[in-house]
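Hi,

Here is the model I promised to pass on.

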Amino acid sequence: MTQTAQTIIEIIADKALLELGDLTTDTRLDALALDSLAMVELIFALEETFDISVPFNANDPGKDDFDLSSVGAIVQAVEGLVSQKAA
Amino acid sequence: MHRVVITGAGTINALGHDVPATIAAFAAGTGGIGALDIPDVDRLSIRVAGQVRDWTASEHFDLRGLSLYDRMTQFALWSARQAVAQSGLVFDEALGLQAGVILGTAVGGLGTIDDSYRAVYAEGKNRVHPLTVPRLMASAGVSHISMTYGLRGPAFSVSTACASSNHAMGLAFQMVRAGASPVMLTGGAEAMLTFGGLKAWEGLRVMAADACRPFSADRSGMVQGEGAAVFVFENHDHARARGAEILAEVVGFAMCSDSHDIVMPSVDGAVRAMRGALSDARLDPGQVDYINAHGTGTKANDVNESTAIRAVFGDAPPLVSSTKAAHGHIIGGTGAVEMLACLMALRDGVIAPTLGYRKPDPDCLLDVVPNTARRADVTVAMTNAFAFGGLNAVLVLRRM
């Protein structure tokens, strides 16, 4: 696991009020029961930590070009944005 | 208990600088939302808004006023000027002692706060404008209207987020009905199209990038507006005795709290507010001809409100529309501006359309008078406001 992935999982665990060990890359986000406020706080934490802009509209989560379906999907999407920034 | 009537109305919003321009835009289905024009707009991800255009404050206020009035207060005063002029009221010593003003505003003078923070934080200045405090007070608009017209009775501001002006008008209604005052100026004002204000809204991720589309399946959130509307609420006998033109009667009001969530609405709260207002007006659901919906264009509100309206009115509800796609969400001032759509429905028999509507959403009401105004015989109109934090306020009006 990359350091980026590790950090992302820590952030998700923090917002979901879970222990790190409770999450795997296969964990579905809807299983975490994040409410709408926790979702926007999660997105904000990812943006601030990695200095990226995540396309996300709470009126249509999932419709934006950013896969939030599982922990692994978020890791991949954030890593994609981070590498775009570096490019 | 006294009957309460409306004898004057004034406004400024993205559709126009007065009531006739606003009503004409409602009837024509013209929208006021467009490209946002404020400093640093290129650093915002949301760049559309229902902005008041071509407003030159120096044309309306003297130098003293210009240094004292935040944009919110300017809008409130300008609207009050129209409303008082239309009412024909002269506030002499006796009436002035009893008359008052209640306005809704969610935040107050945000432009003033924004400017002062920019000065000290961004520009490194060590002083701000000396009148920053009296400009930014949420109650500044109330005080300046009181001073302008010599209103020395009850005067205060109400802050309940997006329901502020409905709460304000509801309280004004109750005061006149109870005989506490023969005349109350009431409504609401908001001017938060500032860089800091919009940054705050961006953070919630509920803003549409292009357009507000209430009740449409492809809606993507709200669009901010700004402006004000102020009305003269008057004791019916007082208005009749002086031969005033009566625009409509205010017949019912209810407010309640969801006690549920700081941003997500509840069906129960919306249902109780609408039923409460009908009960207060001693009307049955079947007697309502038009509902001006809160209709923000967010996923959450529009489904919630549709469900609540069906619960109160059954599967064949009265005509419903949201004008937020025309003037934007004016936050604390929005209920007051939307009251104008109710006045148009009652007086002209024209329902303001829900602009931006493209695609039915089976979870929402299916006929929301999409995109084009419609003729209808309206005797009773209801106007809804369901604010963040679950604070609900609903008013009912009747044609005179």
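Predicted model: local features only at pLDDT ≥ 70, side-chain atom pairs only at ≥ 80, totals over all residues.

Residues are numbered from 1 along each chain as its sequence is written, while chains are lettered from A and ligands numbered from 1 in the order in which they are written.

Chain A has three helices and zero strands, in the order α-α-α along the sequence. (Helices are DSSP runs of H or I with at least four residues, strands are runs of E with at least two, and both are numbered from the N terminus.) Its radius of gyration is 12 Å, close to the 12 Å from the globule rule for 87 residues, so chain A is as compact as a globular protein of that length. That radius is taken over C-alpha atoms, and the rule is 2.2 Å times the number of residues to the power 0.38. The C-alpha trace of chain A spans about 35 × 30 × 20 Å along its principal axes.

On to where the chains meet: 11 residues of chain B are in contact with 10 residues of chain A (C-beta atoms, placed from the backbone, within 7 Å). The chain B side of this divides into four nonpolar, four polar and three charged residues. Here Ala, Val, Leu, Ile, Met, Phe, Trp, Tyr, Cys and Pro count as nonpolar, Asp, Glu, Lys and Arg as charged, and the others, Gly among them, as polar.

Chain B is assigned domain 1 (4–241) and domain 2 (251–398), with bounds from an automatic or database domain assignment. Between them, 60 residues of domain 1 of chain B contact 57 residues of domain 2 of chain B. On the domain 1 side, α8(B) gives the most, with eight residues.

One helix to look at is α5 of chain B (residues 110–122). Its 13 residues should span 18 Å at 1.5 Å a residue, and the end C-alpha atoms are 17 Å apart, which agrees (the expected span is 1.5 Å times one less than the number of residues). The buried residues of α5(B) are B:Leu110, B:Gly111, B:Thr112, B:Ile113 and B:Asp114; buried is 20 or more other C-beta atoms within 10 Å of a residue's own, exposed 12 or fewer, partly exposed in between, with C-beta atoms placed from the backbone. Their cover includes α3 (71–87), α6 (132–136) and α9 (195–204) of chain B.

Cheers

Methods
Contact = placed C-beta atoms within 7 Å.
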